[in-house]
Structures are given as C-alpha cells and as structure tokens.
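I opened this notebook to record what I looked up in the structure, entry by entry. The sequence and the model come first, and my notes follow.

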Amino acid sequence: MNKELKRVSAVVLLMFVALFGSSTVISALEADSLRVDPRNTRTILASYSTERGPILVDGVAVAESVPIDDEFRFLRTYSQPELYSAVTGYFTLNQGDSGVEGALNDALSGTANDQFFAQLNAVITGQDPKGASVELTIDPVVQQAAWDALGDNTGSVVAIDPSTGAILAMVSKEAYDPNLLAQHDSQAVIDSYNALIEDPNRPLLNRAIGGDLYAPGSVFKLVVAAAAIDSGQYTADSQFPNPPTLQLPQSSDSISNAEGGNCTGADTVSLADALRLSCNIPFAQLGGALGKETIAEYTERFGFETPLEIPQTVTESVFPETDMDEPTLYISSFGQGSVRTTPLQVAMVSAAIANQGTLMTPTLVESITAPNLEVIEPFQEDVLSEPISEETAGTMTELMVANVNNGAASNARINGVDVAGKTGTAQNDGRDNTLWFTGFAPAQNPEIAVAVVVENGQGFGNSVAAPIARTVMEAVLNK
Amino acid sequence: MSAATSRPGTADRSTVTETIKLRLRAPARLRNLELLLLIFAGAIGTGALVLVQLGALGAVDSTVISFGAGVLGLSLVMHIALRFVAVEADPFILPIATLLNGLGIAMIYRIDIAQGQLGWEASGLRQMAWTAIAMAAALAVLIAIRNHRVLQRYRYIAMFVGIGLLLLPLIPGVGREINGAQVWIGIGPQREDGSVPLSFQPGELAKIALAVFFAGYLVTARDSLSLVGRKFLGMRFPRVRDLGPILIIWLASMGVLVFQRDLGTSLLYFGLFLVMIYVATGRLSWVLLGLSMFVGGAILASQILGYVGNRFNGWLDAFNDDIYNQAGGSYQLVQGIFGMAGGGLIGTGLGQGRPDIVPFADSDFIIASLGEELGLTGLFAILALFLLFVSRGFRIGFAGQDDFGRLLGVGLSFVIALQVFIVIGGITRVIPLTGLTTPFMAAGGSSLLANWIIAALLLRLSDTVRNQPRLVVES
C-alpha cells in the first residue's frame, strides 16, 4: 500500500505544483499584459479613483475632482461650465474626453511618465495617488469679456498675447455644460451626449480651433498684403488698376468690390488704400500676380497646414494651392474661394504682425504642477516661425492702424489707443455671412492680438465683429 | 523519553516478552504546539478582519470582530476537547482549518461590504454562524466516534446515505436548481436572483459517506479486485463480474454530470473512488479503465450537453471576445484572472481591491478574490496550507496501523486535495472551470460542515495512529 501511496502523493504534489505554476503565470508573468486588456475594468476603475488634478485659471479651479460617496470616489466638477467649455473640454468615465481634459489626461490623471516616481512614492507612503494640476494661460477677465461680448451670436473669440503665444481667451458658442458628461450614470451621459450631438447649434464643436473651418473673407488680405510686401515685389504704395468689375481669367464670371463701384474713385489704387478700404478687385489682381506658390508659402509661414497642439489638436487651416485654378486663386486672394481657416489661425496672423514678424507658438498651458508642488512643466515660449521681416511687420501695422482709424474697421477704435485691425465678411453661397475682425492693441506695444468670428452674421464684420473685438481688447488695456 | 510502561493495556504485553520496551510520545507537547499554532491562526484571522474593515470602511467595527472572536473561541473549545478525547491527534489540522476558515470569513465579509450587504442578508455573518455549526458538528463527531473502526461496520449504510444525499436534489419539491446546477435542496420560496432562504448542498456531505463506504468496501473486497483477472498488455485487468462497483460509481458520476449538471462534483467523486481503489488494490489497470471511462463520458457529455461544451470553450479560448461576451461564456473566468493579475505579487491589500467585480467572488471565485487582495504571496501561503493539510492526512495513510483507517485517511485528505485542484485549477485555467467550493474558505454552509467533519475524522484517525505504541526492541 505504501508504494501506491507514494505514487498518489506524487500526483497530489504535481497537482499543487500545477496550481503554483498557473497562479504565478497569471499574477506575475502575464500580469502586465492582463492589466492593459481593454476589458479589464479594474484598471479603468483605478484610473477613476485617483484624484484627478484640477484645471486652474489664475489659481482658481475651473475643473476639479470633488470627493463623492460612490465607487468612483471623485466627481469631475466644472464651476463655470459653459464659459470654459471650449478650453477645458469634458471628462467622461468611459465615453472619451476632449479639450485640455483629453489632451493632458496623462498629467491630470497622474499617469504621465515623469510622474511615475511621485506616484510610486505616494503608494509607499500610503497617500492616495493624485494627478498634476494644470494652470492655464487664460485671463479670467478677458475670457469673461469675450464671452459677454459675443453675446447670443454663434461664433468664437480667440485672444493671444503676441509676445509669448499665451492664449488669453478662447470662447466658442454655442457652449455646453461639461458637468452633464462627467456624471457617473453612464446612461445619463450617453443621453446628454446624444442630445448635444443632435443639437442643431452643435455646441460640442470648438469653433476657435476645430471642427468646421471658415472662409476668412477680407482678413485674409493681411496674408496676401504681407506676402506682397515681404517678398519685395511690392510696397504699400504699389498701384493697381481700379475697375468697378473684373472679368476673371479663363472664366465668364466677374467680381466686384463689396461696396460696389471702384475702390477710391481714381483709375488706380495703392496697396495701402486697397487694404484700408478692403477692396476685392486690387487684391484679386495682386494674388494673381504673386502666384499661388508665393501665397501658399506665406500661409504656411503664418501657420497654415502646420500641426499644432495647444495642447488640444488644432485643425489645420488650408490654402489648397495644388488644385487651385486661376479664377479660384483670384477670389481666394480676398478670402473667398477655397482658403479656409480657424479663428486661432487668424489671431496668429495678427499676433505675428504685432510681434514684429515673429510668430510665437500659441498655448493654453501656463504650467503643470505635481501634487507635491514641484513644477513638472513650466511655461515655455516657443517661436513657431518668422513669417515676415520686422520691417514688413512695421508696414503692415501702419496699414492696419489706418484701417481702424479711417478705414473699413472703424468700429474697433478705442479712445487714446492706436488699434490695428482688419475686418472681413465672407459670403457663403446663400447662407449667412461669416463676419470677422482681427487685430491687436496697442499698435506700438501690443498686449493682445484677437480674432472674432460670428457665424450667423447679419451685416458686416465692422458692424458686428469689430465691436466685440474692441470690448475684448479694452478688457486687457484697462487692467 | 522511553517510559517503562505504567499504562494499563500495555502491561500484559511487556509481561509476555520482557525484552520489548515501549516508547511513547509525550502527548501534551502536541497539544501545546497546537495551541501555539491556533493562537497564531487566530491572530492572522482577526488581523485579516481588522484590515478588511480599515481597508474597505476606514474604521473598525467591533461587533463583527467580536463575532469573529466568538468563532475563534469555538476552535479553542475544540482544542480543549482534543486534550481529553484525542490527546495525540495531529497538531496541524485544527490550526490550518481555523486559519483557512478565518481568511475565508474575512474575504466574504469584505465582499459583503463592497456589495453593501448587512445583517443576516450578509454572507459573512452567515458564514460565521455556519462555522459555529460546523465546528460543533466536528466536535460531536470527535466525541461520538471514539474509535474509527466502528465506521467500517456501517459501510453499506454509508453507501446508501451517500447515494441518497447525491440523489436528494433531484427529488421534486426538495431539490432546487441554482445557477444552472441541480445540486441543492432548499426550504422556502426561491428568490428572483435564484437564491433560496435556507439551502443546502447535500452532495458535500455525500463525499464523506462515500469515502467511508469506499474504504470499508475496498478493505474487504480488494483481494478479489486485485488478485484475480486477465493479463493484457502487461497489466492485470479485472474480471467482468468485479467491474460492478466501478460501473456503479461511473454511472453515479455520469448521473451527477447529466441530471445535476455539475461537472466538478462528478469529477470529484470519480477521482476519489479511483485513487482509493488504486491505493487498496495496487492495480494501475483500475485507474486506466476508470479514467478512460470518465474521459469518454465527459467528452460525450461535452458534445451533447451545452453547458459542458461551454466550459471547455471558455477554458481553451477564454480571451476570445465572442466566448467572453456569450451567456455562460468566460466573462467570470477572465474577470477573475484580471483580479489576480491586478493583485500581482503582493496584492492590493485587504479591502483595497475590487474583487466584487467577479460574479460569485465570495464562493466559487473566492480564490481569485484572495489572489487580488493578498497577491501571489498570499495564494502561495494558502496553497501551502492546503498542501500541509493534505500531507498530514496522507501521513495517516503511511503510518496508520489498520488498513481501513489508512484508506479512509487517504481518501478524505485526497478529496480535499482534488477539490482544491479542481476549483483553483479551474480559476487559473489549468482545467475547465467547474463550480466547486474551495474547502474551508468559500461561502456556503454545506461545504463548511462537510470539511469540518473531514477535519474531525482526520483528527480522530491521526489520534489512533499515534496511540499505537512504537515498539523498540532492546537487546
């Protein structure tokens, strides 16, 4: 009997060895790959119950995780949800994130690589792991002014500090309430999301940087004029023929100026006057003469077709030169045709001119600070490009100031301060006009560059967009 | 410490042959060791409860701790009883059972907290009550059965009781189908979630009765089973007329598989029988015959019975999305594995993980819950405790004086080993997943009762083993 018992003992031992082995495989050898399996709800839940870092504006949290008595332990809460929805974006448990919440998720949730040792330390010392806090460059006064000034219009306002690239305000309307998407009841989140998606005003669209691009209208003349002067082929005084209508090449279509008639009443018009009075025909001729390659080169120098993350990804503005025929080049040269931009891109054009020809990379992030108050990422001033010379920038500034002082952008005037600006009114085949203003102030020592777009425009850029921009610029200048 | 025999029963022997002296172990040392280990086990069990409360509630709730202390008190009562009724019983069995039981209670209580269950709805409290009942039953067995050999006399009664218990759940009105398996009896209306206010799995107790029957029957019948037969391929195969018992057990196992839809229990009984017949007869041919019959039956069943096929698919291809999402698929298995992986080497700590994600986290999958919160280290400790427990039982098989006792000891401890292998092997994908309870740990009164009775029988058997004085021949 003992012989059999020994054999059975060996079998029992083997059975236990198999169990030791199989549990080692699961808990040690394959543990890492099992933890990242998308079906592993533990990993997902663990990421929820770390205290997500706050998003701060001037030291005040606009998005923060508030303790709550449920399995997720924290509820993401937005104190001024609609005002900042274009900036913060939303954070959901499992339906995806957007905005700064999405783009800086690693830092906010504490899973970024440079936070690894801090998190390990927190685990060892028994603290609950926390994410880093993100301080934004947004100026709450400017943001509020932009929000109020835009009023009930559908559109966007973007304000940049031209010398640093810091984004001072970013508003998009319709806005939405990200609190609706941060709820823990996933059915309620899905319902809210579907309601937002089906809303005809498309509130989830961040009009400042993403979604649909806009025809820039006459604000694009800034790029064409800068290209003309900076390339050395033209000066501000270069004269152009000034007919009331222009037959487009290779086409039966003709174009006219926005006000009808010719631009100044004279037979020829200078580049400076054409920009000041925003005449289409001289710019169509100028664009045709410069050629699409030159204009395309300058659009790219100003940031068109350049990948940009502020930290959320910015939709690239386009000047599609490759399949652009002559008539399209003519009308694109005054911002119609096939050129398309974001409001941020338009603000960047003004910012580059304001900053003496140097374009700073726009960003929303002032700093990222770990829970132990160590600054992980300080503010970084980066030069994105130098699209035009300092001299060209100076000339362009003069032209833009004239535009406000005694030209088409008269509603942007501020008493006692020189404002540089340009309006635009883009026509959209039968739909509402897109009304624009972009500019900066003070002209000689710029503190703010701004772009305003109003989608549902009745009237002109000067009548609707310019007053909004003026209010935003005043908010900075009055500080 | 050779003692020159003042004990009554041994006196005549020493008068027969003067040259033989008796050597006895000092019995109190074993019990003192047991007390020491028991205090250790109690400290771990109570510590686990406190840690669960600190981890999951953030505060200590003294009522639950005092209930736990009450359970611990009962095992001390058992220890004191052993000092009187089984002085030389194995000192490891009681502490190991207490420790496993205590860890189980802590984990069940932890999952109650996660699921927000309180009062008598809470499995943790029920488990404590069942532990008390099971320990009382074990105590009764220890006191009532002073000599295990009486069990041999009742082997056929044991057979009828065993088969009766197995069949009980199939009787309409008494039997209940819970979670697809018809292995329960219950009183009171079945609730919407399938549970029954007072339910019991008689099959758990049947394994004891069957072990007693196998041991008693095999001791008497082994000569005809082992010596007679035809040689084939170098092995002696039994006569057809001797095939009766194995056929009956095979039919019973297949009956459990088909009618009660319980693969694990079926495998458990058949494995128990095979090992006992092998140990008794020494014929490998029985094992081969039996294994091929069972595997054949199981393969046939996997083709015909949907639930067996599902178990096989869920085992072989657990991470396949289709099988994972399918009803009766591998969701539970995979979530359990995620839990263990989440625990890693040292675990999340008691009360800090999320074991409640896994269905049946406190019963069938308690090992995955423990693996998550105690880590691989904790699992190894638990496995080592089971291995030690089983080896103490096998010791009876090696050192016992009578064949019935040896066979019963091996059978009872092997049934624990096999059950551990089937349930943990199922959770860790060594074998297909079957619904069995982890002995001493999983929530469930019937399982606790049966395993504590097994512990009591092993204590009794080990006591009789050591009661036989070791003879030392002195020249």
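**Entry 1**

I began with A:P311, which I found in the loop between β11 (308–309) and β12 (313–314) of chain A. The model is a predicted one, and I read every value below as computed from it. A cis peptide bond joins A:I310 to A:P311, with omega at about 10°.

I then looked up A:P442, which sits in the loop between β18 and β19 of chain A. The bond between A:A441 and A:P442 is a cis peptide bond as well, and its omega is about -15°.

Next I turned to A:Q250, in the loop between β8 (245–247) and β9 (254–256) of chain A. A:Q250 is not a glycine, yet its phi is positive, at about 55°. I noted these places because most residues other than glycine have a negative phi and most peptide bonds are trans.

**Entry 1: The six-stranded sheet**

In what order do the six strands of the open sheet in chain A stand? I read the order as β3-β2-β1-β4-β14-β15, with mixed pairing. The edges are held by β3 (74–78) and β15 (375–377) of chain A; each has a single partner strand, so one side of each lacks a neighbour in the sheet. Ignoring direction, I found neighbouring strands turned by 30° against each other on average.

Strand β4 (residues 133–136) and strand β14 (residues 365–369) of chain A pair in the antiparallel sense over four bridges. Opposite A:E135 I found A:S367 in β14(A).

I next traced an open sheet of five strands in chain A, ordered β6-β5-β19-β18-β17, in which the pairing is antiparallel. Here β6 (167–173) and β17 (420–428) of chain A stand at the edges with a single partner strand each, so one side of each has no neighbour in the sheet.

How many bridges join β17(A) and strand β18 (residues 431–441) of chain A? I counted eight, in the antiparallel sense. The bridge partner of A:G421 in β18(A) is A:G439.

I also looked for helices lying across these strands. Helix α8(A) lies across β5 (155–160), β6 and β19 (448–457) of chain A, and runs at about 30° to β6(A). Helix α17 (residues 390–406) of chain A lies across β17 and β18 of chain A, at about 70° to β17(A).

**Entry 2: Salt bridges**

Over all chains, I find 15 salt bridges in the structure. One of them joins the side chains of A:D139 and A:K479, at 2.6 Å from N to O. Why does this pair tie together parts that are 340 residues apart in sequence? A:D139 lies in the loop between β4 and α8 (140–150) of chain A, whereas A:K479 lies in the segment after α18 (461–477) of chain A, so the pair links these two parts. In general, side chains of opposite charge can pair when their charged atoms come close.

**Entry 3: Where chain A meets chain B**

I ended with the interface. I found 32 residues of chain A in contact with 47 residues of chain B. The area buried between chain A and chain B is about 3,600 Å², and carbon and sulfur atoms give 72% of it. A:M1, A:R39 and A:R42 supply 23% of the area that chain A buries against chain B, more than any other three residues.

Between chain A and chain B the count is one salt bridge. In a salt bridge, the side chain of A:R39 meets that of B:D321 at 2.9 Å, N to O.

Which elements of chain A each supply at least two residues of the side that touches chain B? They are α1 (2–29), α2 (31–35) and α3 (41–49). The most comes from α1(A), with 20 residues. By type, the residues on this side of chain A are 15 nonpolar, nine polar and eight charged.

Conventions. Residues are numbered from 1 along each chain as its sequence is written. Chains are lettered from A and ligands numbered from 1 in the order in which they are written. This is a predicted model: local features need pLDDT of at least 70, side-chain atom pairs count only at pLDDT 80 or more; totals for chains, interfaces and linings use all residues. Side-chain values use heavy atoms; hydrogens and water are left out. Contact means heavy atoms within 4.5 Å. Buried area is the accessible area (1.4 Å probe) that two parts lose on being put together, summed over both. A salt bridge is a side-chain nitrogen of Lys or Arg within 4 Å of a carboxyl oxygen of Asp or Glu. Ala, Val, Leu, Ile, Met, Phe, Trp, Tyr, Cys and Pro count as nonpolar, Asp, Glu, Lys and Arg as charged, and the others, Gly among them, as polar. Two strands pair if DSSP finds at least two bridges between them. Axes are lines fitted to C-alpha atoms, for helices over the stretch in contact, and angles run from 0 to 180 degrees between N-to-C directions.
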